[in-house]
Amino acid sequence: MRKEASSLILLTPSQMLEVDKEAAKTIPIIQLMENAGWAVTQEVVKRYKPCSVLVLCGPGNNGGDGYVVARLLAKKGWPVRVAAIGRPKVGSDAEQAAHRWAGSIVEHPEDYIEKSGLVIDALFGAGLSRNIDSYISELLRKARRVVAIDTPSGIDGATGKVMGYAPHAELTVTFFRAKPGHYLLPGREYMGELVIKDIAISPVILSQIKPQCWLNEPGLWSIPTSEVEDYKYRRGIVSIIGGSVMTGAARLSAHAALNVGAGLVHIFALGSHDIYSSSSACFVIDKDSLETSLQDSRRKVWVCGPGLLLGEAKEILSKLIASNVKIIADAGVFQAENIEMLKGVSIITPHIGEFIRVFGEIKADKISAARVAAQQTGAVVVLKGADTIIASPDGRVAINQHASPRLATAGSGDTLTGVIATLLAAGMSEWESACAGVWLHGEAGLLCEHSWPTAEMLANNLGKARDNA
Ligand SMILES: NC(=O)C1=CN([C@@H]2O[C@H](COP(=O)(O)OP(=O)(O)OC[C@H]3O[C@@H](n4cnc5c(N)ncnc54)[C@H](OP(=O)(O)O)[C@@H]3O)[C@@H](O)[C@H]2O)[C@H](O)CC1
Ligand SMILES: [K+]
């Protein structure tokens with residue numbers, strides 16, 4: 001089902017704290033905590049039969065949620081133990097929640113954790129501020145089945161990084177909106193099933209927060225549908241530079257473009273035309289010079305990079321930039337450690353190795369690095385990986401989790417470039433084309449998950465993927 005763009009918003013832990021502050025103006029935090037604890041309890045009883053539960057409560061509001069869960073599960077007759085790892089501050093909401101827990105508090109959770117049927121991890125959530133210490137990591141290591149409140153403790157909600165240690169949860173229940181760390185790797189691997197629960201915070205607050213990050217799903221963008229009066233020029237023309245030596249990449253890009261609905265695909269071949277013209281009767285192979293081809297005002301979108309040698313990529317890219325066409329740069333273009341060369345390009349699609357070659361090592365995290373690269377080049381950056389990040393020069397970021405590891409096959413990137421080019425040629429914006437292209441590519445991979453897809457198989461599934469968006 002198509003989701004509302006608002007439900008795809010991801011909030012960093014600091015934005016979430018702002019939300020809490022705003023929400024507290026109308027609903028007391030203790031009530032939000034009750035709602036959060038109730039939401040977790042509901043999800044637990046839905047999935048598990050009554051069993052012995054150990055709730056590990058931290059000193060902050062994450063711990064506060066834990067005390068509520070303990071109380072509600074005990075009320076349902078479940079055998080519950082609570083361990084307080086750090087006491088809540090005097091007068092805090094978490095302290096109030098702790099007071100409402102009438103049961104005992106175990107002093108040595110290490111004596112019970114292995115024997116507990118379920119461990120509720122309510123140690124740290126949005127307020128995680130440093131690495132988990134060795135006592136806590138050793139304790140968590142002993143847990144057999146973990147349900148995490150908000151996030152498994154130790155996962156940085158902003159980046160998905162593991163701060164020292166984090167348990168692998170079976171279920172993670174978060175509230176209002178998810179965080180980037182729920183979907184970025186390695187964090188995503190620690191969530192188990194992720195459930196986002198409404199705890200009565202009004203979405204109106206979001207307009208004050210000005211979110212900049214989304215999960216990449218249909219709803220964030222929409223792809224033009226075919227119309228009765230469609231004709232090839234309205235569907236859009238994609239022009240692809242074909243390498244002189246490595247000809248497979250441009251052919252795959254072209255194949256993908258046609259399969260995902262391009263009206264027309266031109267290939268401008270740098271070497272012999274033969275291999276390109278014999279690949280598909282549907283490709284139009286340019287006979288004119290590049291300069292003449294560029295004068296055709298209907299040909300607004302050009303793909304430069306797949307299968308190109310460095311010298312070829314450099315020379316052609318500068319000519320394309322000078323012609324003011326929209327360019328999607330990939331592969332061959334990233335052989336140069338040169339950011340300047342990319343200024344004037346619309347979309348770049350590097351994988352992590354290519355990204356590092358051009359922009360240098362990732363110092364902080366992938367989201368910040370992709371944002372900076374987008375600002376430096378003025379291009380939408382598609383940082384490809386199992387958690388592809390799409391970053392716009394205006395600061396917007398989308399995280400894609402809609403993909404299969406089986407997409408990691410030779411030529412897969414070339415097909416992605418062809419898809420994005422097609423959407424751009426169909427009139428979508430750079431940002432939307434990049435986001436939608438990444439999702440369609442993922443969907444095509446998921447459609448052939450029963451096998452080990454080749455890039456050609458991926459390309460063949462793109463039409464169906466477009467219909468599913
Ligand atoms: N809107 C909502 O979604 C609501 C969420 N709720 C829950 O509240 C938490 C966030 O609560 P907060 O109190 O801000 O933070 P935490 O409970 O996650 O943790 C803060 C305390 O933990 C200490 N801390 C942090 N990291 C470590 C560490 N590695 N080792 C030891 N102690 C640590 C921190 O200490 P400081 O020295 O940094 O101050 C704090 O004492 C959210 O996750 C939800 O579960 C609410 O229920 C309301 C609605
Ligand atoms: K937690």
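Student: Where does UniProt place the feature "binding site"?
Tutor: The unreviewed UniProt entry places it at Asn62, Asp121 and Ser153; although these are spread over 92 residues of sequence, they cluster in space, with a largest C-alpha distance of 9.6 Å. UniProt positions are given here in the numbering of this structure, feature names are shortened, and annotations may be inferred rather than shown by experiment. This is a predicted model, in which local features need pLDDT of at least 70 and side-chain atom pairs count only at pLDDT 80 or more, while totals for chains, interfaces and linings use all residues. Residues are numbered from 1 along each chain as its sequence is written, and chains are lettered from A and ligands numbered from 1 in the order in which they are written.

Student: And which helix holds Asn62?
Tutor: Asn62 is in helix α3, where helices (H or I, at least four residues) and strands (E, at least two) are DSSP runs numbered from the N terminus.

Student: Switching to ligand 1, which residues come nearest?
Tutor: Of the 32 residues around ligand 1, the nearest are Gly60, Asn61, Asn62, Gly125 and Gly127, a residue being near if its C-beta atom, placed from the backbone, lies within 6 Å. The elements that give two or more residues to this shell are α1 (13–23), α2 and α3.

Student: Which element gives the most to that shell?
Tutor: That is α3, with five residues.

Student: How do α2 and α3 pack?
Tutor: Helix α2 (residues 29–47) and helix α3 (residues 61–75) pack at about 55°, with their axes 8 Å apart; axes are lines fitted to C-alpha atoms, for helices over the stretch in contact, and angles run from 0 to 180 degrees between N-to-C directions. The two are therefore oblique to each other, given that angles under 35 degrees count as roughly parallel, over 145 as roughly antiparallel, 65 to 115 as roughly perpendicular and the rest as oblique.

Student: Which residues of α2 and α3 make the contact?
Tutor: Among them are Met33, Trp38 and Val44 of α2 and Asn61, Val68 and Leu72 of α3, where contact requires C-beta atoms, placed from the backbone, within 7 Å.

Student: Now α15 and α16, at what angle do they cross?
Tutor: The axes of α15 (residues 412–425) and α16 (residues 430–447) come within 8 Å and cross at roughly 135°, which makes α15 oblique to α16. Their contact includes Leu416 and Ile420 of α15 and Ala434 and Leu440 of α16.

Definitions and conventions. Two residues are in contact if their C-beta atoms, placed from the backbone, lie within 7 Å.
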